There are 2 protein chains.
Amino acid sequence: MSADQRRVQRPRDPQARRDALTAAVIESIADVGIGRTTHRSVATRAGLPLGATTYYFPTLDDLVEAGLRRAAEIFDRDLTSWAERLAAAADPATELAAIAAEYAADAVPARLAYELSAAAMRDERLRPLAHRRLGGLREVLEAAFGRCAYAVGAVLDGAVLQALTTGVPVDREALASVVRRLTRTGDDREPLRRDRA
Amino acid sequence: MSADQRRVQRPRDPQARRDALTAAVIESIADVGIGRTTHRSVATRAGLPLGATTYYFPTLDDLVEAGLRRAAEIFDRDLTSWAERLAAAADPATELAAIAAEYAADAVPARLAYELSAAAMRDERLRPLAHRRLGGLREVLEAAFGRCAYAVGAVLDGAVLQALTTGVPVDREALASVVRRLTRTGDDREPLRRDRA
DNA sequence: AGGCATCTTGTACTACCGTACAAGTTCATG
DNA sequence: CATGAACTTGTACGGTAGTACAAGATGCCT
């Protein structure tokens, strides 16, 4: 029972600290929103002492921004995965509906996206990040749906938003049919299945 | 110069206090979000002393809820106005695009709507409010666009969200054309104008 | 091995938060 | 006009926030 027990301290690893912190920020934002994300809530989630937050990110804004920046990378990763799936799919509309349903079901990244959107409405500094996300989405949709990308993107966002706020899962069938209708060109002779009168 | 000057105090008017407070809550939510809305920020905006907030709304949750409830009424008022405009319009698609553009331009109610959506994703108690808004919108759109209401609603939400987060105003022309395409039925023989090849 | 920049951690300070509350004021009622 | 319930207002209290900072620990460098 020595009195000189040194303070236990984990080994140096700046990168690991940054990673843990940004991951914790994302968790916190998805969980309680940007407005209620604090140094302490992030530190606790990361399993790090309070001081670690301000050492790596001087202000709270820096911390949140780092989290959102990390979230943007996750969006990008998702987007490339979507692009691959859409390119490989026999029917892009059906595939997109499936993607939307999955996206809305695993709420975390979707919540993050809308949290970012809401924040970007107020904070101009976040505009570029939100803009980039939408631009990336549009690129992917343009590859799969051509000039209808804008409309398809809007429907996608709207449908996911609706699913998240109401808790009702995305209606794959309905969404796929909407997308099909959107992308059908005027000279497409195949008659639409008439809804039951 | 009497030493007994009584404390100046505005005349009694509970209704006016409640109204001022709920209006201030809405302002605050649109401005800084639910997460950063505080008793003091509301009191200051309302031009009332701090104590007034807790006298009329015991807890902060009550205060915020009152604001959101008031916002819901505003949504309803907007909705009936939209319904009238759509019913009277020669071309509902063009009219809807105009409505969307106005809605996105006057950011306050739109921000409130998305703030409510984001909050409802986390707080189950707010679900009914968000649900009611979407239901009302759907009703209005059904009257104007029939079975395409779901799709039109999703496009509308997506387009407004996109406009708000990027700061780029809604493209009336594009939105109207999307809505037209959506509502065009399969047996509609009128050929679509081909885009430039 | 010793030095030193860098990292880790605990703690402290000030500001602001939600909420409680008492004292003063108003005004409908008798 | 006396009364008292309802309203208005200022202030106070315990808690938590963002941020600063000093002291200890680490590990690369020579």
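This is a predicted model: local features need pLDDT of at least 70, side-chain atom pairs count only at pLDDT 80 or more; totals for chains, interfaces and linings use all residues.
Biologist: Let's start with B:Ala43. What makes B:Ala43 count as buried or exposed?

Modeller: A residue is called buried if 20 or more other C-beta atoms lie within 10 Å of its own. B:Ala43 has 20 C-beta neighbours inside 10 Å, so it counts as buried. This alanine sits in helix α2 of chain B, residues 39-46. Leaving out neighbours within four places in sequence, B:Ala43 is in contact with B:Leu48, B:Pro49, B:Leu50, B:Ala52 and B:Thr53. B:Ala20 is 23 residues away in sequence, yet the two C-alpha atoms are 9.1 Å apart.

Biologist: And B:Ala87, how do you know whether that one is buried or exposed?

Modeller: The cut-off for exposed is 12 or fewer neighbours. B:Ala87 has 12 inside 10 Å, so it goes down as exposed. B:Ala87 lies in helix α4 of chain B, residues 60-88. Setting aside residues up to four places away, B:Ala87 touches B:Ala143 and B:Ala144. Its C-alpha is also 9.5 Å from that of B:Val140, which is 53 residues along the chain.

Biologist: How do you know that the length of helix α8 of chain A agrees with what a helix should span?

Modeller: You take 1.5 Å times one less than the number of residues. For the 18 residues of α8(A), 149-166, that should give 26 Å, and the end C-alpha atoms are 26 Å apart, so the two agree. This helix is mostly covered, with 16 of its 18 residues buried. A:Gly167 follows α8(A) and has a positive phi, near 85°.

Biologist: What does the same check say about helix α1 of chain A?

Modeller: Its 19 residues, 14-32, should span 27 Å, and the end C-alpha atoms are 27 Å apart, so that agrees too. Among the buried residues of α1(A) are A:Leu21, A:Val25, A:Ile26 and A:Ile29. The buried residues pack against α2, α3, α4 and α6 of chain A. After α1(A) comes A:Gly33, with a positive phi near 90°.

Biologist: And α4(B), what does it reach, and what covers its buried residues?

Modeller: α4(B) has 29 residues and reaches 42 Å from its first C-alpha to its last, close to the 42 Å expected. Its buried residues include B:Leu63, B:Leu68, B:Asp78 and B:Trp82. The cover includes α1, α2, α3, α5, α6 and α7 of chain B.

Biologist: Now the pair of chains. Why is the relation between chain A and chain B called a two-fold axis?

Modeller: A rotation of 179° with 0.1 Å of shift along its axis puts chain B on chain A, with an RMSD of 0.2 Å. That is the relation of a two-fold axis.

Biologist: How do you know that the copies meet through the same surface?

Modeller: 100% of the interface residues of chain B are also interface residues in chain A, so the copies use the same surface. In all, 41 residues of chain B are in contact with 43 residues of chain A. On the side of chain B that touches chain A, α8(B) gives the most, with 14 residues. That side divides into 20 nonpolar, 12 polar and 9 charged residues.

Biologist: Which residues meet where α7 of chain A touches α8 of chain B?

Modeller: A:Arg127, A:Ala130, A:His131 and A:Leu134 meet B:Gln162, B:Thr165 and B:Thr166.

Biologist: Last one: which residues have the most contacts inside the largest nonpolar core?

Modeller: They are A:Ala100, A:Val155, A:Val160, B:Ala100, B:Val155 and B:Val160, in a core of 116 residues. Take B:Val155: leaving out residues up to four places away, it touches A:Ala151, A:Ala154, A:Val155 and A:Gly158 in chain A, and B:Val178, B:Val179 and B:Leu182 in chain B.

Note on methods:
Residues are numbered from 1 along each chain as its sequence is written. Chains are lettered from A and ligands numbered from 1 in the order in which they are written. Two residues are in contact if their C-beta atoms, placed from the backbone, lie within 7 Å. Helices (H or I, at least four residues) and strands (E, at least two) are DSSP runs, numbered from the N terminus. Ala, Val, Leu, Ile, Met, Phe, Trp, Tyr, Cys and Pro count as nonpolar, Asp, Glu, Lys and Arg as charged, and the others, Gly among them, as polar. A nonpolar core is a set of buried Ala, Val, Leu, Ile, Met, Phe, Trp, Tyr and Cys residues joined through C-beta atoms within 7 Å. Copies are superposed by least squares on the C-alpha atoms of residues with pLDDT of at least 70 in both.
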